[in-house]
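Hi everyone, thanks for coming. Today I'd like to walk you through one structure, so please have a look at it with me.

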Amino acid sequence: MNKNNQLPLAGVRVADFGQQIAGPAVAMVLADLGATVVRIDPPQGPSWQHPANAILNRNKSCLRLDLKTEEGLEQALELIANVDVVIESFRPDVMKKLGVDFAALREQRPDLITLSIPGFASNDELRRDWKATEAVIAATSGAYTDMGFNRVLMGVNPSFSPLPLGSSYATSLAASSVVLALFEREKTGRGDQIEVPVAAALMEGLSYNSYVIDQLPERYKTMRELEIEHRKENNIEMDLSYEDLQEYLDPFYRTYVCADGRMFYCVCPSHRNHAKRALQALGIYEELMAEGLPDVKDLHMPTAEWEGETSIGVYPLPKKWADIISEKMKKAFLQKTSDEWGVIFGEGQIPGAPHRTTKEWVNSEYSNESGLIVEVNDPEFGTMKQPGPIAWLENEAEAMLTPRPRKDVPYADALAELTKCAQEHVSTRPQGQDIQAATGEGWLKDLRILDLTNVIAGPHSTAFLARFGATITKLDPVTPLYDPLIGTLFTFQTGVGKQSALVDITTDEGRNIFEQLVKNVDMVVINAPERQMIPLGLDGETLLSINPEVLFCRLDCFGAPRNGSKKNYIGYDDIIQANSGIMSRFGRPETPEEHAHLGTLDVNCGFAAALGMAVSLYHKQKTGKVSRSRTSLSAVTNLAQIPFAFDYEGRDEFNEPSGREVLGNNALSHFYQTSDGWIFLDSNQGEIEQLNQIEGLEGIIQSQDKADFIKQSLLKAPTSYWVDVFVKADIAAAEPMAIENLREDNSRVADNKVGTDKGSFAFSIYPDHPSGHCITQIDQYSIRPTESKIMAATPTEAFGHSTREVLADLGYNTDQVESLLERKIAGLGWGKEFLPS
């Protein structure tokens, strides 16, 4: 049997017209999961000529058609007539002008699912027709301006990053939307017309950089924030060196030099156990206790009621103790190599990992043994190491680890492949007159989820699904494991659309509550390593004995399609950034620096988990099979690095732009100062004639030093002039915007609407947020179906707010509930205040 026939999307046929990264990557994800994909390029080939196309087009049959000719258009429409899903990523209405009108096609075939991934939203009147390259979207969406406290203190603004974050987020979001539409179609026979603008996807990915909490208590301000405030108030220049900056970092959240001269990233803030284990492994715990390091019992109490000035397990630490602990940790790390510390931390259940380059990550033993990296015999590059899948089902992952190389085929063969696929797979959905009318409801209106997750990636996955109508019960312990910064502050993003209950499932009665909840839901979700599954009763055998129909999703740090040596290592976003090369690229290997956007990988891991859950739902609806879906931070780092995360014999050096001084890819794709600000020009050698015709750039063709020529030329006029002339010439360029300005210009008081009508940017202001603070945050607005409904997020409720309601729904009476609360088997909160002061 063809291995694809074993995969969950077997029988799904896709026509991929996408260009650049996001469109082809969505089709790649669907193909990895078993879909039959035909890729259609224009006669001149892909618009992005890059070795990464070998990754994006694996498992695909590729051909070229000229849709501007009658024959080419006819052939394209015939291919579309034989598929379930059509994907395109051009500017709005480009496909329609070429003769492929999605709305008209769906009138003829209501079962068809279409996906458009424009750079900017089709209802963004200002930007919809811009040439929306990765860099232009990033600049416009604040990704290059809001690069975090490090870059502010170093006086680096704007900053540049070569990571295609917009396309990375858009890929996971759009792939999820397609599979959810397939799930809906399996029930109703009806498809949908979906748009996922890359700019909106990027804004959702940057959600932790863009939300604002008015009157945030002082206890949550880091040393870096306090130094920024001090310098602004006293008009002191932001000019910290990289070395000086390190001393403003929390000791449990920074880089250390090891005995081999290489760097190790320790990430143990906000968790009492992790910090204690780290200090014990380093041999300095008892020493610090003897010196009087305080240990506050309840970090969720207001700081005015603490019995000490700070505590192990609290973030941020005050500078006094940060300095004391850092000095001891520096000396301790010098006693062993970075690899040795990697094993000690990993085996000791301590979050931390050695800094490595992307080349080392791609070629590491673990990445290859586990299926995070796979080998493909590409027709152009030979044996090629490529990223593995971003999401998978546990029992079917092996079939995803030997992708078929891309292959060029004639039109007749492509059509024959689609026809054969249709013949081999019996349709199980309503067809013809049985296709139902559009309900206008959410894709997941009947889905019930039990959420056991914490921090960012896990809870973000379920928060993402809330927009489609899922009912989510967030179950947390009565006693928190994390301090309020991670344990509470982050939940303002990850807790939307959920009801919160606190139960101690380590007790017999608490375990009974847990099992009753499992019996009453369709899906259980957790982020945890493999070793915790059996003790928690979340292994397949135990879970299915409680509810034979329940689906399961697990996220973790180093998880992979195959169990490898690091399957039980724990960690966070930052650890994979360090270990997979992102930090070495962003700051350079000798001065690694965390990629500035909080949740860079976490958020997309949440989106990828939602993709896995969608696949499980579709697979069960179609086949009746109950599955366990998986993803990890390690899997999604490869998607974020898709232009770099590959290797083959003869590959060019891994020398992509890196470091804080680098402001672009090359002279034609770079930040330049204008007479009143900055602009990012994202052109290329193929546009040199167009550039030469722009007033103010005449003579660029003849110039020997194009970087200097452009630099001198752009200084002569303001940014607004250059943006205007570049846009008119169809040259990609944009003014770098700050998220603060985007928020000011695109915020409204929350109106129970999702913001999809607002264009590419939409924020909601919650003046009466349950936390007692006025909070502004990005809408859940990037996925835009035509027929299905997207629900506006309800604000995050306080921990335990719905405990009584959840227990009552399980049949507990008032006296029983009060007894559980009195004996601390259940709880109504983690402290006196939702967000402790």
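**A helix, a pocket and some cysteines**

Let's start with helix H3, where Glu70 and Glu71 are exposed on one side. Keep in mind that this is a predicted model.

Now, which residues of H3 are buried? H3 runs over residues 70-80, and its buried residues are Gly72, Leu73, Gln75, Ala76, Leu79 and Ile80. These lie on the same side of H3, because they cover an arc of only 165° around the axis.

Next, the second largest pocket. Its volume is about 1,700 Å³. The lining counts 49 residues, and Gly148, Phe149, Tyr208, Asn209 and Glu225 are the closest to the centre. Several elements each give at least two residues to that lining, including helix H7 (148-153), helix H11 (223-233) and helix H33 (739-745). Sorted by class, the lining has 26 nonpolar, nine polar and 14 charged residues.

Finally, the cysteines. How many disulfides does the model have? The count is zero. Since a disulfide needs two cysteine sulfur atoms within 2.5 Å, cysteine 268 is in none: the nearest cysteine sulfur, on cysteine 266, is 3.8 Å away. Cysteine 268 is also buried, at 0% relative accessibility. Cysteine 557 is in no disulfide either, with the nearest cysteine sulfur, that of cysteine 605, 8.9 Å away. Cysteine 557 is buried too, with a relative accessible area of 2%.

Key:
Residues are numbered from 1 along each chain as its sequence is written. This is a predicted model: local features need pLDDT of at least 70, side-chain atom pairs count only at pLDDT 80 or more; totals for chains, interfaces and linings use all residues. Side-chain values use heavy atoms; hydrogens and water are left out. Buried means under 20% relative accessible area, exposed over 50%, partly exposed in between (1.4 Å probe, protein chains only). Helices (H or I, at least four residues) and strands (E, at least two) are DSSP runs, numbered from the N terminus. The arc is that of the directions from the helix axis to the C-beta atoms. On a 1 Å grid over the protein atoms alone, a cavity is a set of points where a 1.4 Å probe fits but cannot get out, and a pocket is an open set with protein on both sides within 12 Å along at least five of seven lines; lining residues have an atom within 4 Å of a point. Grid points are joined across faces, edges and corners, and a volume is the space filled by probe spheres set on the points. Ala, Val, Leu, Ile, Met, Phe, Trp, Tyr, Cys and Pro count as nonpolar, Asp, Glu, Lys and Arg as charged, and the others, Gly among them, as polar.
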